[in-house]
Amino acid sequence: MGKKQKAIIYTGPGKWELTEKPVPEVEKANEVLVKILAASICGTDVHILADPPEYPAKVGVTIGHEIVGEVADVGSCVTSLKKGDRVIMDNNIACGVCDCCRSGNSNVCCNMVSLGMELDGAFAQYCVAPEGNLIKINKDVPVDTAIFAEPLNCVMGGFQKIKIMPGDGVLILGGGPIGMYFTKLCKMCGAGKVYVSEVSEKRTELIKKSGADRIINPVKEKLSDVVREDYPDGVDIVIDCVGVLINDALECVRPAGDVLLFGLNENAKESICQSFITRHGITVKGTFIGNNVMNTVAKGLNSGMLDFRYMITHKLPLEEFGTGLEAMRKGEAVEVVLYPWGEIK
């Protein structure tokens with residue numbers, strides 16, 4: 001029998017279990033064994049553990065996919081990493097041969113599988129990933145800074161599509177973690193005013209720390225009236241981080257402006273006036289995870305510019321996964337970080 005490790009596994013709709021599983025081994029020449037220094041609970045994990053599940057996962061699989069790790073072993077063909085390197089991970093494994101992959105759009109690969117859903121993931125002490133899904137980062141980047149790499153990879157995939165110009169007005173719909181990432185990136189890249197629409201008062205201070213110029217509670221104020229105080233024709237860019245607010249976006253964006261759809265809600269069926277989009281020349285873009293931008297994320301982390309440690313609300317050992325999950329479900333947490341080996345600076 002090989003060595004055992006602690007792991008959080010999916011056991012069925014709404015169910016999970018802390019158990020022991022064998023420490024995985026490098027079996028393929030391109031694989032890397034990663035010692036997991038920290039793993040964070042993503043909204044996707046909450047959706048996987050909903051009943052019924054909002055995202056699929058294989059029964060028995062180790063869930064989780066946001067990590068900072070250290071290389072523990074490498075396959076015979078691995079050249080970019082060595083034992084002891086610190087790494088971040090893109091958990092989505094594209095096939096490389098479908099039409100999407102061959103056209104440079106591997107983020108929408110027709111045959112994609114993901115660590116933490118179909119394959120064993122990150123809520124454990126070790127995981128195995130292909131070399132191509134791991135990026136080396138500097139060891140002086142704090143673990144609690146690097147832990148944001150995977151969601152930033154997704155956000156960066158959308159951010160590269162909107163091409164902010166200095167002074168642009170931006171409205172972000174949804175002030176959760178994704179909205180906070182977009183807020184900070186927009187301000188860093190020259191946005192004029194960034195408005196964030198959010199109903200939760202608990203998130204106000206963290207949204208301010210991300211750089212929002214004004215936080216709008218759409219229950220108390222009409223979004224379009226607020227943004228048109230400074231941008232009479234509407235803002236240049238609207239980003240929907242919720243997944244059901246395209247009509248709010250269209251109401252607030254200027255003619256010939258851009259709407260970026262990031263949020264996902266497969267149960268929502270929106271009624272849209274297509275002629276309004278056509279008549280006003282509005283560009284609507286969908287974005288899904290990152291498309292070859294994890295290296296850009298690594299550069300941002302190494303530079304110190306992408307620091308979101310103020311968003312961490314819970315630091316827990318792996319064994320207290322349930323506590324973090326419930327905090328996420330109740331809206332009491334923003335970022336929950338788990339430490340399979342104890343907290344590492």
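Colleague: R203 to start: buried, partly exposed or exposed?

Modeller: R203 is partly exposed, with a relative accessible area of 23%. Buried means under 20% relative accessible area and exposed over 50%, with partly exposed in between (1.4 Å probe, protein chains only). This is a predicted model, so local features need pLDDT of at least 70 and side-chain atom pairs count only at pLDDT 80 or more, while totals for chains, interfaces and linings use all residues. Residues are numbered from 1 along each chain as its sequence is written, and side-chain values use heavy atoms, with hydrogens and water left out.

Colleague: Which residue does R203 form a salt bridge with?

Modeller: E198, with the closest N and O atoms 3.5 Å apart. E198 is buried, at 10% relative accessible area. A salt bridge here is a side-chain nitrogen of Lys or Arg within 4 Å of a carboxyl oxygen of Asp or Glu. The count comes to 16.

Colleague: Which residues are joined into one network by shared partners?

Modeller: K82, D85 and K136.

Colleague: And what does K315 pair with?

Modeller: K315 forms a salt bridge with D144, at 2.8 Å between the closest N and O atoms. K315 is in strand β16 and D144 in helix α3 (residues 143–146), so the bridge ties together parts 171 residues apart in sequence. Helices (H or I, at least four residues) and strands (E, at least two) are DSSP runs numbered from the N terminus. D144 is buried at 8%, whereas K315 is partly exposed at 41%.

Colleague: Now D90. Where is it?

Modeller: D90 is in the loop between β5 (86–89) and β6 (92–93). D90 is buried but has no salt bridge, and the nearest side chain of opposite charge, K161, is 14 Å away. Lys and Arg count as positive and Asp and Glu as negative, while His and the chain ends are not counted.

Colleague: What is D90 in contact with, then?

Modeller: Leaving aside neighbours within four places in sequence, D90 contacts N133, N153 and M294. Contact means heavy atoms within 4.5 Å. A polar atom of the D90 side chain also lies 3.1 Å from the backbone nitrogen of N92.

Colleague: Changing topic: how many residues are in the largest nonpolar core?

Modeller: It has 50 residues, and I88, V170, F182 and I239 have the most contacts inside it. The largest share, seven residues, comes from helix α4 (residues 149–162). Apart from it lies another core of 37 residues, among them A57, I93, C127 and A333. A nonpolar core is a set of buried Ala, Val, Leu, Ile, Met, Phe, Trp, Tyr and Cys residues joined through side-chain atoms within 4.5 Å.

Colleague: Last one: what do the buried residues of α11 pack against?

Modeller: Their partners are β1 (4–12), β2 (15–22), β3 (31–41), α1 (43–48), β16 (312–317) and β17 (335–339). The buried residues of α11 (residues 321–329) are F321, G322, G324, L325, A327 and M328.

Terms used
A polar contact is a pair of N or O atoms within 3.5 Å; within protein, one must be able to donate a hydrogen and the other to accept it, and residues adjacent in sequence count only if both atoms are side-chain atoms.
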